[in-house]
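This report goes through the packing and the charged contacts of one protein model. The sequence and structure come before the discussion.

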Amino acid sequence: KAGHRRIAMLGGGANSYIYREMLAGLKGALAEEDIFLDAACILRMEHGADVFARLRQLFSSPSCPTAIFAGRDHWAASIYSCCRELQMKIPQQISVVSYDGLSWPAGKDYGLCTILEPAEEIGRQSVELLYQWVEKNSPDRQCILGGQLREGNSVKTIP
C-alpha cells in the first residue's frame, strides 16, 4: 500500500507453474486495489533471455513502472545491477519487492524488501503430505503457507 499504480513483474517463463501462480496472485492482489498490470510490464524470462536487455527496455519506456516485483530474489539482484548501470536510484526512482529471501543472500545487505519463503515449513509439510499419500493412498488435506515480510529500504511510498 505504498501508492504505486504502475507496477511491473519480473519472473520465470510462461510454462513455469510457479511463476504463473505468482503472477495470478500478484494480479489478484493488485486488482483488489484497482491496479491492473499492463502486459508490457510483465517480464517472463524464458531460458536464455537477456534479462538486462528486457529491463533496460522497460526502464527506458515512457510508461516506466514506479515499482517492480521480482518473483525470486536472484531476479531482484538483476534489477539492482540494471538500475546501477542506468544510474536509477532504488527506491527514489523505482521500488523493488521480491519473494524468497533465499536466492540472493546479499539482498538483505542491500535493503531488499522481500517476502520470506517458509522453506523449512514447505519441506515439513511436503514430507507429511507424501507420508499421507503413501499410507492412505491420498493426502486428506491441503496446505496453504504464508510468507513473512522482511522490510527493507527498497520501497518508497508515493503520496
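Buried means under 20% relative accessible area, exposed over 50%, and partly exposed in between. Arg 124, with a relative accessible area of 49%, therefore counts as partly exposed. The model is a predicted one.

## Nonpolar core

The largest nonpolar core contains 38 residues. Leu 10, Leu 55, Phe 59, Ile 68, Ile 79 and Val 96 are the residues with the most contacts inside this core. At least two core residues come from each of the strands S1 (7–11), S2 (42–44), S3 (67–70) and S4 (95–100), and from each of the helices H1 (17–31), H2 (51–59) and H3 (73–86). Helix H3 gives the largest share, 7 residues. In soluble globular proteins, nonpolar side chains tend to be buried together.

Phe 59 has a set of contacts beyond its neighbours in sequence. Leaving out residues up to four places away, Phe 59 touches Cys 64, Ile 79, Cys 82, Cys 83, Leu 86, Met 88 and Ile 94.

## Helix H2

Which residues of H2 are buried? They include Val 51, Leu 55, Leu 58 and Phe 59. These residues lie on the same side of H2, because they cover an arc of only 90 degrees around the axis. Among the elements that cover the buried residues of H2 are S1, S2, S3 and H3.

At the start of H2 there is a contact between a side chain and the backbone: a side-chain oxygen of Asp 50 comes to within 3.1 Å of the backbone nitrogen of Phe 52.

Asp 73 is located in helix H3. This residue is buried but has no salt bridge. The nearest side chain of opposite charge belongs to Arg 150, 4.5 Å away, whereas a salt bridge requires a side-chain nitrogen of Lys or Arg within 4 Å of a carboxyl oxygen.

What does the side chain of Asp 73 join in a polar contact? The partner is the side chain of Ser 98, at 2.6 Å. Not counting residues up to four places away in sequence, Asp 73 touches Ser 98, Tyr 99, Asp 100, Gly 101, Leu 102, Ser 103, Trp 104, Leu 112 and Thr 114.

## Salt bridges

How many salt bridges does the structure hold? There are 3. In one of them, the side chains of Glu 85 and Arg 56 meet at 2.5 Å, N to O. Glu 85 is in helix H3 and Arg 56 in helix H2, so this pair ties together parts that are 29 residues apart in sequence. Glu 85 counts as partly exposed at 44% relative accessibility, and Arg 56 is partly exposed with a relative accessible area of 30%.

A salt bridge also joins the side chains of Arg 72 and Glu 117, at 3.4 Å, N to O. Arg 72 lies in the loop between S3 and H3, and Glu 117 in the loop between strand S5 (113–116) and helix H4 (119–136), so the pair ties together parts that are 45 residues apart in sequence. Arg 72 has 15% relative accessibility and so counts as buried. Arg 124 and Glu 121 form a salt bridge of 3.1 Å, N to O, between their side chains. These two residues are 3 residues apart in helix H4, which means that about one helical turn separates them. Glu 121 is partly exposed, with a relative accessible area of 26%.

Technical notes. Residues are numbered from 1 along each chain as its sequence is written. This is a predicted model: local features need pLDDT of at least 70, side-chain atom pairs count only at pLDDT 80 or more; totals for chains, interfaces and linings use all residues. Side-chain values use heavy atoms; hydrogens and water are left out. A nonpolar core is a set of buried Ala, Val, Leu, Ile, Met, Phe, Trp, Tyr and Cys residues joined through side-chain atoms within 4.5 Å. Buried means under 20% relative accessible area, exposed over 50%, partly exposed in between (1.4 Å probe, protein chains only). Helices (H or I, at least four residues) and strands (E, at least two) are DSSP runs, numbered from the N terminus. Contact means heavy atoms within 4.5 Å. The arc is that of the directions from the helix axis to the C-beta atoms. A polar contact is a pair of N or O atoms within 3.5 Å; within protein, one must be able to donate a hydrogen and the other to accept it, and residues adjacent in sequence count only if both atoms are side-chain atoms. Lys and Arg count as positive and Asp and Glu as negative; His and the chain ends are not counted.
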